[in-house]
Amino acid sequence: MAATELRGVVGPGPAAIAAPGGGGTGPPVVGGGGGRGDSGSGSGAALGTVASAAAGGPGPGAGGVAAAGPAPAPPAGGSGGTGAGGSGSAREGWLFKWTNYIKGYQRRWFVLSNGLLSYYRSKAEMRHTCRGTINLATANITVEDSCNFIISNGGAQTYHLKASSEVERQRWVTALELAKAKAVKMLAESDESGDEESVSQTDKTELQNTLRTLSSKVEDLSTCNDLIAKHGTALQRSLSELEALRLPAESNEKIKQVNERATLFRITSNAMINACRDFLMLAQTHSKKWQKSLQYERDQRIRLEETLEQLAKQHNHLERAFRGATVLPANTPGTAGSGKDQCCSGKGDMSDEDDENEFFDAPEIITMPENLGHKRTGSNISGASSDISLDEQYKHQLEETKKEKRTRIPYKPNYSLNLWSIMKNCIGKELSKIPMPVNFNEPLSMLQRLTEDLEYHELLDRAAKCENSLEQLCYVAAFTVSSYSTTVFRTSKPFNPLLGETFELDRLEENGYRSLCEQVSHHPPAAAHHAESKNGWTLRQEIKITSKFRGKYLSIMPLGSIHCIFHATGHHYTWKKVTTTVHNIIVGKLWIDQSGEIDIVNHKTGDKCNLKFVPYSYFSRDVARKVTGEVTDPSGKVHFALLGTWDEKMDCFKVQPVVGENGGDARQRGHEAEESRVMLWKRNPLPKNAENMYYFSELALTLNAWESGTAPTDSRLRPDQRLMENGRWDEANAEKQRLEEKQRLSRKKREAEAVKATEDGTPYDPYKALWFERKKDPVTKELTHIYRGGYWECKEKQDWTACPDIF
């Protein structure tokens, strides 16, 4: 059979078999017809493979089709490809990134891969130095104009980028949005509770097993190929014998066609075997590269940890040197009366300090109020050289609280803590599942912290008196913002409540309201809150706290809806909380930012208020912690504009539409709006010496004060929290471990009872909250815990028999 005839038959058939869909997109002459310039996969490569098999070669040939023309060059300043090459990235290419006001936009090489956007100064720099990476799972992508767009993850990182053209910008934004959606989905489905080393070992074993399986399958294919060749040779011999017989001309023609098809079949099977062998060889080669890359990333992480540890250590030494340089002698005239001066004083004696990596949570000089009999001391433990003990001080305070609300708590002691040794193992994990020492805490539980939302309850009292629903919504919005004002200096975390723990705040006589919180779930941690006022409103919420430590910052994401109902009008408002970010966890001064949007909806009238918490940015000229808002009616018309900051105040402006130049409505002018300004809310000043008392507000100082008649599960009775407030942190840590172990034993007991009930076929009731009932909310249709009643009646009777023993 002529070679030209054979090639004519081979052309369309085996190519389609060896590379299905290979030439579906893109010009068929570029890169072998795959549509991607550096992929090398497509009908051209398939033709080369078949041609090589026809020639008896062992592997794929470099056919003429693959060399028909060069791949097109990427556009200047744009993407260099869609990641079809060896990098495995979703997209990569040149973009212009804003650096500073001196250099402006600089050309950088960006790589989008696995939900992460990284950039380098050049493409060659990818091998050794990454200049920055942003996780798209928590990032916001906004478009400024035809070529510019911004990527921000809530203030910690913000990239101002510019593409070479509008088309190129749209390609990047589309790729980023797709990568973000995929990253969010993977983040929701991921389980990060396993050990990294064991996971990596499992991956390695799985990879080796897969390669062994592939090798076995290729051997099976080779055996089948040998059988096909053997039977094909026998078939062709039989056909040749038939041709030798004296048969009619038509039969000889048919026999010749069958012979050609048998030859073609053998060529195709050889090409298939060669392609399988090449696939196995590539898998083995790339598996080694992947293992090397993984090991390189692990080494980089170890080096990064060591570098951060050294930076933190140097930062600590600098702080010590600064404090040593500014130390003032004790009892210096003119300094005893100033709490601020005392707070800034340095440590008196540092010669006996070891050289380990220590971090301090409070000013070095511990001061106590003079009327409590404490002297100023340079000791490392609060009260060690005081005139009276902490227990006596606390008893003294109890006597005072019987008469009036307390205005101070024991000053925060100065205990050293190896912060890095704890936090370096928490990166990327859910912090609620990791036992943390009380050194990170403030002497309040999350239930008490949730109750602090009621500090500015008078805003709801004023809202209840409003006849206009839109004006009422303005006060509700101000109340929503006011709940964040206590967080601006509060960098310590509250205690995680035990399952079944409660907290009550009865201010019915003084302020007209009373509140109850209960921890209704442990994992994920969730607290239910119900507050009612005789001034005509009810507030209820169930908040689940999720947090992620990212190394440089900590993100806290509250989940769940907040409901506010006004009794006289029946107006029912709902909203959700924004994300809180704690920055400079390892090195530098801690600071907190709030970012995101809140939509407050009146489900009865359809009125809405959109609040925007602007994240802090180095490039912004706006005031820090800015909050803006608009109050709209059901038709979308804006009636009020809100402006302020979440840590200071909120103002309201009435929007009066004026006729524009073209006859349409326009917004009210600035000077006209100033005349309608109304201050809705202003933050109360902090108590004196608040910096020594965890920056507690006046309300927060009273929350952990002992009260008689509360439930035995009340947070005030929690022993580790009380010990920590009194400055006995070592004992508090030991007590905290005891309570956590007791809670674990209770959980295991419930799980054993559930297993036993399942085996016996008897019904088993899972854990249920005592004062709240889980059911579908009639407004939001969410499953949530709603107050079932009975607590205040039990308190009046002092009947606490239903309460569990958790302390």
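This is a predicted model: local features need pLDDT of at least 70, side-chain atom pairs count only at pLDDT 80 or more; totals for chains, interfaces and linings use all residues.
Colleague: How many helices and strands does the protein chain have?

Modeller: There are 17 helices and 30 strands. Those words refer to DSSP runs numbered from the N terminus: helices are H or I with at least four residues, strands are E with at least two. Buried residues make up 43% of the 807 residues.

Colleague: And what makes a residue "buried"?

Modeller: Buried means under 20% relative accessible area, exposed means over 50%, and partly exposed is in between (1.4 Å probe, protein chains only).

Colleague: Okay, why is aspartate 647 called buried?

Modeller: Its relative accessibility is 8%, so aspartate 647 counts as buried. You'll find aspartate 647 in the loop between strand E24 (638-645) and strand E25 (649-654).

Colleague: What does aspartate 647 touch, leaving out residues up to four places away in sequence?

Modeller: Ser485, Val488, Arg625, Trp681 and Arg683. Touching here is a contact, meaning heavy atoms within 4.5 Å. The side chains of aspartate 647 and threonine 645 are also joined by a polar contact of 3.1 Å.

Colleague: What makes that a polar contact?

Modeller: The rule asks for a pair of N or O atoms within 3.5 Å; within protein, one must be able to donate a hydrogen and the other to accept it, and residues adjacent in sequence count only if both atoms are side-chain atoms. The 3.1 Å pair of aspartate 647 and threonine 645 qualifies.

Colleague: Which backbone oxygen does the side chain of serine 483 reach?

Modeller: That of threonine 480, at 2.8 Å. Serine 483 sits in the loop between helix H12 (469-482) and strand E12 (493-495). With 11% relative accessibility, serine 483 counts as buried. Setting aside neighbours within four places in sequence, serine 483 is in contact with Asp453 and Lys577.

Colleague: Now salt bridges. How do you know that aspartate 777 and arginine 540 form one?

Modeller: A salt bridge is a side-chain nitrogen of Lys or Arg within 4 Å of a carboxyl oxygen of Asp or Glu. For aspartate 777 and arginine 540, the closest N and O atoms are 2.8 Å apart, and that's a salt bridge. This pair links distant parts of the chain, 237 residues apart: aspartate 777 is in the loop between strand E29 (772-776) and strand E30 (783-787), and arginine 540 is in strand E16 (residues 537-549). Both aspartate 777 and arginine 540 are buried.

Colleague: Arginine 677 and aspartate 651 meet in a salt bridge too; why do their burial labels come out as they do?

Modeller: Arginine 677 has 35% relative accessibility, so it counts as partly exposed. Aspartate 651 has 5%, so it counts as buried. Their salt bridge is 2.3 Å, N to O.

Colleague: Where do arginine 722 and glutamate 725 sit?

Modeller: They're 3 residues apart in helix H15 (residues 719-725), so about one helical turn separates them. Glutamate 725, at 2% relative accessibility, counts as buried.

Colleague: How many salt bridges does the rule give?

Modeller: The count is 32. There's also a network of salt bridges linking Glu442, Arg449, Glu452 and Arg490.

Colleague: Why is strand E2 said to be largely enclosed?

Modeller: Because 7 of the 10 residues of E2 (residues 91-100) are buried, E2 is largely enclosed by the rest of the structure.

Colleague: And how do you know that E2 pairs with strand E3?

Modeller: Two strands pair if DSSP finds at least two bridges between them. E2 and E3 (residues 104-113) have 9, in the antiparallel sense. A hairpin joins E2 to E3 through 3 residues.

Colleague: What about E2 and strand E8?

Modeller: E2 and E8 (residues 158-162) have 2 bridges, also antiparallel, and they pair. In E8, lysine 162 is the bridge partner of phenylalanine 96.

Note on methods: Residues are numbered from 1 along each chain as its sequence is written. Side-chain values use heavy atoms; hydrogens and water are left out.
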